[in-house]
Amino acid sequence: MSKAHTAANTSTPANDTLGIRHTDVLIIGAGLAGLSTALALPQTLHVTILSKAALDVCSSHYAQGGIAASLDAKDCAADHIADTLIAGAGLCEAKNTTEILSSGEQAVQWLCEQGVPFTRLPKQHATAEKIATLNGFQHLHEEDLETAALQTSDLHLTKEGGHGCRRVAHADDATGRHIMEALVKKAQAASNITILPYHEAFHLLKNTDNHCQGAYVFSHDNQRTLTFYSRAVVLASGGLGQLFKRASAPNVCVGDGVMMAWQAGCRLANLEFIQFHPTGLALGDSSFLISEALRGEGGRLYCPQTGKRFMLEVDTRAELAPRDIVARAIAEQISINGLGYVHLDVSHLPAAFLRAHFPQIYQTLLDLGVDITTDPIPVAPTAHYSCGGVVTSANGLTDVIGLYAAGEVAYTGLHGANRLASNSLLECVVVGRLIAADIPRYLHATKKPDATSIYINSEQSIYDIWTPPMLADYQRITLPSPIEYQRHTNDHHNANVPTSTNNDIAGITTQLKALMTSHLGITRSAEQLEQALGQICQWQQQLGGRIFDHIDTKSQDHVISYYTLPYVQLTRQLQLAALIIQSAYQRHESRGGHYRQDYPNLASRPLTSVIEPPSLTAFATIDDIDTTAHITTADVQKQLHHL
Ligand SMILES: Cc1cc2nc3c(=O)[nH]c(=O)nc-3n(C[C@H](O)[C@H](O)[C@H](O)COP(=O)(O)OP(=O)(O)OC[C@H]3O[C@@H](n4cnc5c(N)ncnc54)[C@H](O)[C@@H]3O)c2cc1C
């Protein structure tokens, strides 16, 4: 590690007017993808991890069901791959899918070594009495950890929809929390890792050769913009579920990383494939999720009005059909019967088993007045997972040199048109570790004469050190010109779309979520999508039509204040929403998680939809930055006048 890149560099010097920080590797996001990358990097590199909010506010922490890998003696990677390809409905990238899923066992073993207390099979530890109570599984307690190193062959596995066998390793029904607690503890103890909660990245920096070398970051702690320079950047900023009103993900998940990468020059793929989880709790405003594992253990879905177990007529796999099929069937029951929810019933399963196997779900619902051992659970579909994202290779390389991406922000092609349950946690760990293995190679291949440039010796081509991700068959999504957008606004504004009469940022943000849920939900049509696009154009105009795809560093536009940040966030969310809608609009078929009423059939050829980045010339480069400039109150006031 060079002297210029020690941990001390991330602390704030006394006369730190410019807020400049240096680190070897900047990781944007402290979920499972970010922490897996950080912990697998060599300890000789200084790593800075940013988190937009507190460390436990991320989807990884909320994950319940578990992590899929072929761990059972009768299972194999080929079967896991086959099930994933079926769920992906023809759109999985076969090479990347094979590479990622073949590393499943090593990834889970690595998590065991990090101290994750997975639920284990009872044989070595539980008494016969305990086994009977727990119906065949036991949670690993700390005293067990002391006596035995956990092996993947020790783990209890559950079954989830679309999987041909028991394949999901879990820690009770709060797998994400247990995994994240173990990894956060490790990262906090590592001397080469600095974790900065409440630090929000809003723009990626590139040098004159277009290589990513850092980010502008708003520190919510100090209410100021900081500039982080790094030798490599890893985007691990999670998904975009919170663009929707009913969503399982926490509020940090609004697609910041997708937009930052796009604006920096990355392609985006398959944004229209939003996975709706069939069983979000439909009780008040709760965003709590009812894990698929409940259906895996025998949970049944009933229409509360007719009492019918409707999945029996929809699919031979009944409640364990892939998520898109179950979610659509539930939405149909809700629609035709004029209901707010359907019932998920597990009361026929032994009460002791439910209490022991699903302690979090049992207690959360009991606190809300529903005893799952006797009462049916009201459930409805909820926006849950983004199958698309920033195009990457299986080892996380994006289109921009020096920029890696992992986890839900990325599109590796593993999930195709519909994610197989519990494959996403696995992808975070596998790709995060592959990135960590690649970064030393990349840093070694590029020489670093100073903090702001990369030198490649004359015999080397940049493609020797950075191979951009390849896509097989794809369809380019065309984006309308501003004039066409204007026409859209005039033609389609109004009609059943919630409208905004003022440009109140909070108001538009709330209405955008409602619009996405009502117009880009489980079933879509050209008419709905046109209306939604028209409304978004109108909001964009209300906000002054100013889109933050060009940050002019010389005019100090990169100085974001507490007051201007919500404006930047909203304009970006509107732009991302428009890109998702364009992708949905231009996919003239129904496939996986994307269902078009006006195009109910599969197209003959499965094509990935790709959005190419806006002009590369529009971006700030490090050399543009006027490092002598001081940030004044007047600058911030000027920003406010834009509102
Ligand atoms: C309720 C729920 C249950 C789930 N259950 C399962 C399951 O059982 N199995 C499974 O495989 N998958 C499950 N998933 C999906 C899975 O949890 C996620 O896909 C996965 O955890 C994503 O991990 P990540 O590291 O990419 O992102 P996250 O864990 O969401 O982390 C994102 C991080 O990025 C940070 N961030 C975001 N924007 C910025 C910014 N601008 N600047 C700085 N930091 C930023 C956030 O603060 C956060 O630290 C579930 C998801 C939810 C919501």
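Analyst: Two residues are in contact if their C-beta atoms, placed from the backbone, lie within 7 Å. The model is a predicted one, in which local features need pLDDT of at least 70 and side-chain atom pairs count only at pLDDT 80 or more, while totals for chains, interfaces and linings use all residues. Residue numbers start from 1 along each chain as its sequence is written.

Helices (H or I, at least four residues) and strands (E, at least two) are DSSP runs, numbered from the N terminus. A residue is called buried if 20 or more other C-beta atoms lie within 10 Å of its own, exposed if 12 or fewer, and partly exposed in between, with C-beta atoms placed from the backbone. His-178 is buried because 22 other C-beta atoms lie within 10 Å. When neighbours within four places in sequence are left aside, His-178 is in contact with Val-116, Pro-117 and Ala-171. Ala-63 stands 115 residues away from His-178 in sequence, yet their C-alpha atoms are 9.5 Å apart in space.

The helix that holds this residue also has a packing partner. Two packed helices are described by the angle between their axes and the distance between the axes. Axes are lines fitted to C-alpha atoms, for helices over the stretch in contact, and angles run from 0 to 180 degrees between N-to-C directions. Helix α8 (residues 175-189) packs with helix α1 (residues 32-40) at an angle of about 40°, their axes being 10 Å apart. The two helices are therefore oblique to each other; angles under 35 degrees count as roughly parallel, over 145 as roughly antiparallel, 65 to 115 as roughly perpendicular and the rest as oblique. On the side of α1, Leu-32, Leu-35, Ala-38 and Leu-39 make the contact, and α8 supplies Ile-179, Met-180, Leu-183, Val-184, Lys-186 and Ala-187. The crossing of α1 past α8 is left-handed, a term used if the near helix is turned anticlockwise from the far one by less than a right angle (right-handed if clockwise).

Strand β5 (residues 168-169) runs antiparallel to β3 and is joined to it by two bridges; strands pair if DSSP finds at least two bridges between them. In this pairing, Ala-169 of β5 stands opposite Ile-67.
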